[in-house]
Amino acid sequence: MIRIQDLTMSYETGSTRYDALRDINLELAAGETCAIIGPSGCGKSTLLKILAGIITDFTGTVAINEQPVRPKQQIIGFIPQNYGLLPWKNVYENICLGFKIKHKKQDEYETDLNSLVQLLGLGGLEARYPGELSGGQQQRVALARAFLLKPDLLLMDEPFSALDAMTREEIQNVFLHVWRKHSVSTILVTHHMEEAVYLGRKIVIMAAAPGKISQIVDNPLFGVDGVRDNKDFFQLCVALRKMIKEDWSK
Ligand SMILES: Nc1ncnc2c1ncn2[C@@H]1O[C@H](COP(=O)(O)OP(=O)(O)OP(=O)(O)O)[C@@H](O)[C@H]1O
């Protein structure tokens, strides 16, 4: 369970201090997915950094499984916009990285690693370096690394934004497939409404200046088979876009 209560965070630049996030309240049940959509600068990345324990200077409460965020004690997977792969390590080493940092032994994760490599279609690419992979393959390596960790919380910052439309859909399917097996609590930031509706059991709509939540939508279409071809999917996207336009023009 992820619980955010009355979260406010300010940045200070020179002599000015301004709220990047104000009065954020959000709950996410264990194993749920949540997509956050909002205008540029509304604090989405800041929120992820707080949940990842990178930013600690805030007011309010942020708890993962009833405990304050403590990256050394909890396992938090974070996939940044550029996937966060180390260019000098090969696919196998990149996938194992999180485990090495958590000081686990190889035989503790070897079986999971092999099954994730197969599940994510990375078989045969283990010895390649990130620079020798396509964007979609790099994304899958980042997903393998994150899922291997079995995180208490997985955070993804616009994870599929660099991919072309077809690869994006394919990787979204791969993500859902792996997520179903591992049911990891996941929060992802996206600028794409279709992605939010496809991947978010909850859809959080944010507004800017200061960043706040304007709507939380329980998504009835999440996980429905073949939903992308369903007219309800299209209609929900249209309705949410309308809602956002109204919110963002206030
Ligand atoms: N290190 C920082 N110091 C000062 N201000 C910052 C810092 N990082 C972000 N900001 C400001 O805080 C606000 C929120 O930034 P943030 O990156 O969280 O927004 P975002 O919603 O993720 O934006 P985008 O969609 O463009 O990536 C913005 O006004 C931004 O300029």
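The legends below describe close-up views of a predicted model.

**View 1. Residues around the ligand.**
The shell around the ligand consists of Tyr11, Thr13, Ala20, Gly38, Ser40, Gly41, Cys42, Gly43, Lys44, Ser45 and Thr46. Two or more of these residues come from each of β1 (2-13) and α1 (44-51). The largest share is that of α1, which gives 3 residues. Sorted by class, the shell holds 3 nonpolar, 7 polar and 1 charged residues.

**View 2. The open sheet of 4 strands.**
The strands follow the order β2-β1-β4-β5, and their pairing is antiparallel. The edges are formed by β2 (16-28) and β5 (67-68); each has a single partner strand, so one side of each lacks a neighbour in the sheet. Strands β1 and β2 run antiparallel and are joined by 9 bridges. Tyrosine 11 has tyrosine 18 in β2 as its bridge partner. Tyr11 also belongs to the residues that surround the ligand.

**View 3. Helix α1 on the strands.**
Helix α1 lies across β1, β2 and β4 (59-64). Relative to β2, α1 runs at about 65 degrees.

**View 4. Packing of helices α4 and α5.**
Helix α4 spans residues 135-148 and helix α5 spans residues 165-182. They pack at an angle of about 15 degrees, with axes 10 Å apart. Angles under 35 degrees count as roughly parallel, and α4 and α5 are therefore roughly parallel to each other. The crossing of α4 past α5 is right-handed. From α4, Gly135, Gly136, Gln139, Arg140, Leu143 and Phe147 take part in the contact; in α5 they meet Thr167, Glu170, Ile171, Val174, Phe175, Val178 and His182. By class, this contact comprises 6 nonpolar, 5 polar and 2 charged residues.

Notes
Residues are numbered from 1 along each chain as its sequence is written. This is a predicted model: local features need pLDDT of at least 70, side-chain atom pairs count only at pLDDT 80 or more; totals for chains, interfaces and linings use all residues. A residue is near a molecule or strand if its C-beta atom, placed from the backbone, lies within 6 Å of it. Ala, Val, Leu, Ile, Met, Phe, Trp, Tyr, Cys and Pro count as nonpolar, Asp, Glu, Lys and Arg as charged, and the others, Gly among them, as polar. Axes are lines fitted to C-alpha atoms, for helices over the stretch in contact, and angles run from 0 to 180 degrees between N-to-C directions. Angles under 35 degrees count as roughly parallel, over 145 as roughly antiparallel, 65 to 115 as roughly perpendicular and the rest as oblique. A crossing is left-handed if the near helix is turned anticlockwise from the far one by less than a right angle, and right-handed if clockwise. Two residues are in contact if their C-beta atoms, placed from the backbone, lie within 7 Å. Two strands pair if DSSP finds at least two bridges between them.
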